[in-house]
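Here's a quick briefing to read with the structure open beside you. Take it topic by topic and find each part as you go.

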Amino acid sequence: MKKVISYTALAILAIIFIMPFIIMVFGSLKEVKQAQIDPLFWLPTNPSIQNYINIFSNGIFIRWIWNSIVITVIPVITQMLFAALLGYIFAKKQFWGKEAIFWIFMAVIMIPQQLFIIPKYIMFADFGWINTYWALIVPELWAIMGVFLVRQFLQGIPKNLEEAAYIDGANDWQIFFKIILPLSFPVIATVGTFAFISNWNDLFQPLIYLTNEKMFPVTVGLASMLGKEGNFGVEMAGATISFIPTFLIFIFFQRYFTEGITMSGIK
Amino acid sequence: MTSTTSKQSFSARIKRELNKNLLVYVVLIPVIIHFLIFQIYPFALSFYLTFHDWKIIGDPEFVGLKHWKNLFDDEIAWKAIWNTVKFSIYYIVPTMALGLILAVIINSGVKYSGFFKGLFFLPVVTSFVIIAGIWGWLFRGTEDGFINYLIGFVGIDPQLFLSSSSQALLVLAGLSIFKVAGTTMIYYYAGLQSIDRQLYEAARIDGASPWKIFWKVTFPMLKPIHFYVAITTTIGSFQIFDSAFLLTNGGPNYSTTTIVYYLYHQGFTSLNLSYAAVLSYVLFFIILIIALIQRKYIGKDPNYY
């Protein structure tokens, strides 16, 4: 009886959760005109890849994907590196002001990101960064949440590992690259996956710092297509393509997502 | 003489410290400079802005509390705050409940639970733009809209949804519930796994029904998770922007103008940067109060970490 209820509920919820994605993929394979009038248009009859051809023949879409890659991949790499370095420093090194600096960094998490938007817009206008990658890359080079996760992880690792290495004459850099980095790989992978998803999906910041269509990442580009009557199929083709990287990252790193969420919340 | 020795020992000390902590300085100094430029300075600049009129050219002009006073006479600002509170009411409890239901099902020993956990989590990693695009199509307010088509089967008349000032915010809340429930599921799943199995067995031996076990054992044991999830979803709900921007542009009749949407609108459509900064501080204070409530309760109850 209990089993029956579980499986029934599971089936209903699974259908609800998968439905939007099915509509997205099937919708992208449909002729444009059909999309407006028929609520069942997405059913798999007469599939065509015309929407994909259309979206790629419009060169701007490829540019949007490229912009997204640039403003996502660079911060992902640097955020992983800085999370590892700073996590190591705050977990293992002794220096003046260590705790104070760390907790001041952490306190800023309390400030909603939206508060920074207006002053940063003014600053970036001064720097000449509006409509450039800089506005989206430079402020995101490191992030405190990743540092927190690595620090948390390394604090749980016994000291004698590095002490043995020190006795063998290793310096900090060698210890970092030979011991700390391989050891904290799972946490660093978590930091990377989170950074990837949040940057790839970010709409708010690029929306404000970028006004030139050529500089849009795919989120802002797709948003500019939304709601234009008559191109739901093309929209969904764009959505499907922009979803692929997220989906692949998710498939390969799912474990790191769920572990990361649990780590950052409940210790 | 004495000064040279102390100088030497001072430089020797610096040398020793550098030898010991060179890595710390090489990494931390640029990071602190970055932090001052991109976090502390904007935070302060934003506060400064709220007391000034910002001009594209020329120096900002001090205007005292003008922008703060405007807030109190601005009906749309209050409506935005109220809309955001309403959004929270529509969104928080359903997101928690759905996340808990998903976690309980996943944890109940069904087959392929890993796959389903992934499926329920998928909307979390999908961008708002994609989900909003699909949502907008599902909830079209015409007779041939997908949801209208479905509810037609049970005899409900077509609804306006996003074009109705009483329904639009509900549709946006539905989108957020769908998008975020996977996160709450992960928290609850971790909580469920940490509950001692013996508690369930003891309850079963006492002859309690599964329903009773859930409400008397599982639900109260999840108290720290309920609290944590409530706080994070509340903070998240006050920052809602993407769906209001993508689907309704704050309308119809300002019914989906949330705090952040209004901030965006004031700052970047009306170019009222100083007033937008005031609104961002309103958001900051609201979130600060929620966080302080969290801090207070965490401090009191030894069950919270």
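This is a predicted model: local features need pLDDT of at least 70, side-chain atom pairs count only at pLDDT 80 or more; totals for chains, interfaces and linings use all residues.

**Chain B overall**
- Chain B has 13 helices and 2 strands.
- Picture a box of roughly 95 × 60 × 35 Å along the principal axes: that's what the C-alpha atoms of chain B fill.
- The radius of gyration of chain B is 26 Å, while a compact globule of 305 residues would come in near 19 Å.
- Out of the 305 residues in chain B, 38% count as buried.
- Take the contacts in chain B with a separation of 6 or more: 66% of them link residues 24 or more positions apart.

**Where the two chains meet**
- On one side there are 66 residues of chain A, and they're in contact with 67 residues of chain B.
- Several helices of chain A each supply at least two residues to the side that touches chain B, including α1 (2–28), α4 (59–92), α10 (172–183) and α14 (232–265).
- The top contributor to that side of chain A is α14(A), with 14 residues.
- Sorted by class, the side of chain A that touches chain B has 48 nonpolar, 11 polar and 7 charged residues.

- In soluble globular proteins, nonpolar side chains tend to be buried together.
- Here, the largest nonpolar core has 142 residues.
- Helix α7 (residues 168–193) of chain B gives the largest share of this core, 15 residues.
- The residues with the most contacts inside the core are A:Ala83, B:Leu172, B:Met185, B:Ile259 and B:Leu279.
- Zoom in on B:Leu279: leaving out residues up to four places away in sequence, it touches B:Ala77, B:Ile259, B:Tyr262, B:Leu263 and B:Gln266.

**An exposed residue**
- You'll find B:Ala44 in helix α1 (residues 2–49) of chain B.
- Is B:Ala44 buried or exposed? B:Ala44 counts as exposed because it has 12 C-beta neighbours inside 10 Å, and the cut-off for exposed is 12 or fewer.
- From B:Ala44 to B:Pro123 it's 79 residues in sequence and 36 Å in space, C-alpha to C-alpha.

**Domains of chain A**
- Chain A is assigned domain 1 (1–48) and domain 2 (59–265).
- The centres of domain 1 and domain 2 of chain A, taken over C-alpha atoms, are 33 Å apart.

Notes
Residues are numbered from 1 along each chain as its sequence is written. Chains are lettered from A and ligands numbered from 1 in the order in which they are written. A nonpolar core is a set of buried Ala, Val, Leu, Ile, Met, Phe, Trp, Tyr and Cys residues joined through C-beta atoms within 7 Å. A residue is buried if 20 or more other C-beta atoms lie within 10 Å of its own, exposed if 12 or fewer, and partly exposed in between; C-beta atoms are placed from the backbone. Helices (H or I, at least four residues) and strands (E, at least two) are DSSP runs, numbered from the N terminus. Two residues are in contact if their C-beta atoms, placed from the backbone, lie within 7 Å. Ala, Val, Leu, Ile, Met, Phe, Trp, Tyr, Cys and Pro count as nonpolar, Asp, Glu, Lys and Arg as charged, and the others, Gly among them, as polar. The radius of gyration is taken over C-alpha atoms; the globule rule is 2.2 Å times the number of residues to the power 0.38. Domain bounds come from an automatic or database domain assignment.
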